[in-house]
Amino acid sequence: MKVLLADDEKELTKALSAILKFNGYDVDCVYDGKSAYEQAFNNEYDALIFDIMMPEMSGIDALKALREKNVDTPVILLTAKSEFSDRIAGLDAGADDYLTKPFNTGELMARLRAMTRRNGENKNEITTCGNVTLNRENLEIKTDSASFRLAGREFKMFEYLISRMGNPVSEQQFIDKIFDDDSGDAEDGVVFLYISYLRAKLNAIGANVTITTTDDNKYVLNTPE
C-alpha cells in the first residue's frame, strides 16, 4: 500500500516513514500543505496522513481542496492541539480519523490498517456513471441498450477516470497508475490508443458520458449537465 505522509516536523516524518516502511508501506513524504495537496491530487495513494499545522496550507485546507476535487482517499489528521473544535473541523473537512500528538505509533498503525480495510470493503462491485453501469466483477460496462466487456487495462483506465471525475488526468498519471507493474509495455501512444478504444465502446453502447481531451493533452471524463 502507498501512503503520503505530510508533516513539517522533519525528524518526526523521518521516524514515521521508517516505521511505515518497516510495516510494508510505500511512503512519500512532503513538508507543507501545498505540496501535500499537489502530491495527493496528482498521484494515487491508499491513504494520506496529514499534520494539521503546516506552512503554505494547513492540513485541513489541503484536505478540503482534495475533497472538492472528488479525491476520496482516506485521511488521518495529526494535530498537536487537543481542542474538541479542531477534531470537529478535521472531520467536517472530510477526514476519516485523527490522532493527537504525541501518539503511540502502534495506535497509528492500527488506525491506518482499520481505515484502509474499511475503504476496501466500501468499494462496491457496481458503480454508476451517467447512464453507464460499471461491473468490477466481470469488467463490463453497460447501458440499457448494450454492453461491452472491457480488457483489463481499459477497465482500469475507465475506473480511474471515474475516480477523478471532471478532473484532467495526464498520460503520465495513467502510466504510473495502470502500467506501473509492467512499465515496459507503456510505449509512446499506448494511453491514446486505450482512450480511443474506450471512446469507441462508450459510443457503441450509447453512453451519455464522454472522454474529452484538454488543450494540454490531458483526459477528462464528463457526465451530462
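Axes here are lines fitted to C-alpha atoms, for helices over the stretch in contact, and angles run from 0 to 180 degrees between N-to-C directions; helices (H or I, at least four residues) and strands (E, at least two) are DSSP runs numbered from the N terminus. The model is predicted, so that local features need pLDDT of at least 70 and side-chain atom pairs count only at pLDDT 80 or more, while totals for chains, interfaces and linings use all residues. Residues are numbered from 1 along each chain as its sequence is written, and side-chain values use heavy atoms, with hydrogens and water left out.

Helix 6 (residues 152–163) packs against helix 8 (residues 190–204) at an angle of about 80 degrees, their axes lying 10 Å apart, which makes helix 6 roughly perpendicular to helix 8 (the term covers 65 to 115 degrees). In this contact (heavy atoms within 4.5 Å), Arg153, Glu154, Met157, Phe158 and Leu161 of helix 6 meet residues of helix 8 including Val191, Tyr194 and Leu198.

Helix 2 (residues 33–42) has Gly33, Ala36, Tyr37, Ala40 and Phe41 as its buried residues, buried meaning under 20% relative accessible area with a 1.4 Å probe, protein chains only. Seen down the axis of helix 2, these residues fall within an arc of 120 degrees, so they line one face of the helix; the arc is that of the directions from the helix axis to the C-beta atoms. Among the elements that cover them are strand 1 (2–6), helix 3 (59–68) and helix 7 (171–178).

Helix 7 in turn buries Gln173, Phe174, Ile175 and Ile178, and their cover includes helix 2, helix 6, helix 8 and strand 11 (219–222).

Notes: Angles under 35 degrees count as roughly parallel, over 145 as roughly antiparallel, 65 to 115 as roughly perpendicular and the rest as oblique. Buried means under 20% relative accessible area, exposed over 50%, partly exposed in between (1.4 Å probe, protein chains only).
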